[in-house]
Amino acid sequence: MLDSTLSELETRAVSLIEAAADAEALETARVEFLGRKGSLANIGKDMGKMAPEDRARVGKLLNAVKQNLESRYESRKAAFERAALDARLAGEWLDLTMPAPGTRPGSLHPLTLIQRELEELFTSLGFAVVDGPEVETPWHNFDALNIPPSHPARDAQDTFWLEDTLLLRTHTSPVQVRAMEKFGAPLRIIAPGRVFRNEEVDASHEHTFYQLEGMMIDRDVSVAHMLYFMKSLLTAIFKKDVEVRLRPGFFPFVEPGFELDIQCLICGGPGCPVCKQSGWVELLPCGLVHPNVLRSGGIDPDEWSGFAFGLGLTRLVMMRYGIDDIRHLASGDLRFLQQF
């Protein structure tokens with residue numbers, strides 16, 4: 001008797017579960033057959049009245065029916081949950097690659113970060129931060145710096161010439177001349193800024209880049225003073241001692257002149273495109289200010305002396321952050337800039 005009852009119950013339950021139109025109908029079927037007061041539970045209560053030999057057989061059959069219905073219920077329930085999720089995703093679809101709405105947080109350019117750090121360092125050493133025009137006269141850019149008309153720096157291959165004999169400054173040294181004309185001696189200044197040269201662009205050359213020039217004029221200034229300030233600069237900017245070398249170098253506006261090189265922090269010495277495979281990067285041309293430059297600025301070289309240096313600010317940024325291509329800095333690529 002119970003065998004046929006269980007068989008009929010199973011058939012009807014399977015039919016209702018498979019035909020359920022939604023999750024609510026499915027839950028109604030579950031409560032009717034599998035609930036605590038459902039049909040299978042009621043049959044289980046009656047098993048206590050059976051003979052022992054019938055109880056085992058019916059119990060086994062009851063468990064088989066229950067497992068079958070629970071399996072079908074879970075399968076249908078999962079199907080309804082997937083359908084509900086798909087419908088929600090279709091209605092609330094969001095492109096996660098799109099930027100979030102509203103104002104996006106910005107960041108400072110790495111050049112700005114390093115420039116501000118250097119300005120803070122030098123102002124703590126008693127230097128003033130000065131600025132000058134990017135469109136210059138030949139006098140301030142060349143003549144006052146002891147660079148004669150025959151010098152190759154005046155060649156069209158290096159300089160962007162404008163109308164009315166004006167030009168885009170090729171270095172920030174003209175600011176030193178203007179500072180001497182305006183303030184006289186003694187003088188301690190740095191001049192950070194953008195400069196322009198007609199360069200063929202590659203991983204280590206750009207037509208527009210940044211420099212930071214510095215000058216100190218006082219009585220009895222020597223190479224020892226210059227080395228002290230240069231060492232203080234490099235230790236502060238790289239936060240560690242770096243390997244450097246000092247080579248004699250010719251610059252018309254200093255005498256004697258030196259090239260201060262830093263071991264390449266990109267490759268560590270073996271050679272790479274940034275250091276042109278040499279293992280060293282020219283970083284600090286420097287020297288004692290030439291008497292002719294002092295005279296051009298209205299300062300008596302018999303009474304005053306000084307040192308000057310020109311720092312490749314762009315190259316310094318590349319060394320500090322391990323940037324292997326100078327073109328990234330002026331690319332405007334937000335993916336690059338957001339790293340800083």
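With which residue does Arg72 form a salt bridge? In this predicted model, in which local features need pLDDT of at least 70, side-chain atom pairs count only at pLDDT 80 or more, and totals for chains, interfaces and linings use all residues, Arg72 pairs with Glu18, the closest N and O atoms being 3.3 Å apart. Arg72 lies in helix 4 (residues 52-91) and Glu18 in helix 1, so this pair ties together parts that are 54 residues apart in sequence. Residues are numbered from 1 along each chain as its sequence is written, and side-chain values use heavy atoms, with hydrogens and water left out. A salt bridge is defined as a side-chain nitrogen of Lys or Arg within 4 Å of a carboxyl oxygen of Asp or Glu; helices (H or I, at least four residues) and strands (E, at least two) are DSSP runs, numbered from the N terminus. Arg72 is partly exposed, with a relative accessible area of 32%, and Glu18 is likewise partly exposed, at 39%. Here, buried denotes under 20% relative accessible area, exposed over 50%, and partly exposed the range in between (1.4 Å probe, protein chains only).

A search of the whole structure finds 12 salt bridges. One of these joins Arg12 to Glu32, with the closest N and O atoms 3.0 Å apart. This pair links distant parts of the chain, Arg12 belonging to helix 1 (residues 2-19) and Glu32 to helix 2 (residues 23-34), 20 residues apart. Both partners are partly exposed: the relative accessible area is 43% for Arg12 and 32% for Glu32.

A further salt bridge is formed between the side chains of Arg320 and Glu117 (3.3 Å, N to O). Because Arg320 lies in helix 10 (residues 313-321) and Glu117 in helix 5 (residues 110-124), the pair ties together parts that are 203 residues apart in sequence. Arg320 is partly exposed, with a relative accessible area of 26%, and Glu117 also counts as partly exposed, at 24% relative accessibility. Salt bridges with shared partners join Glu117, Lys239 and Arg320 into one network.

Attention now turns to helix 7. In helix 7 (residues 173-183), the buried residues are Ser173, Pro174, Val175, Gln176, Val177, Ala179 and Met180. The buried residues of this helix pack against strand 2 (135-136), helix 6 (138-141), strand 4 (187-196), strand 5 (208-218), helix 9 (291-296) and strand 9 (305-312), where contact means heavy atoms within 4.5 Å. Just after helix 7, Gly184 adopts a positive phi of about 70°.
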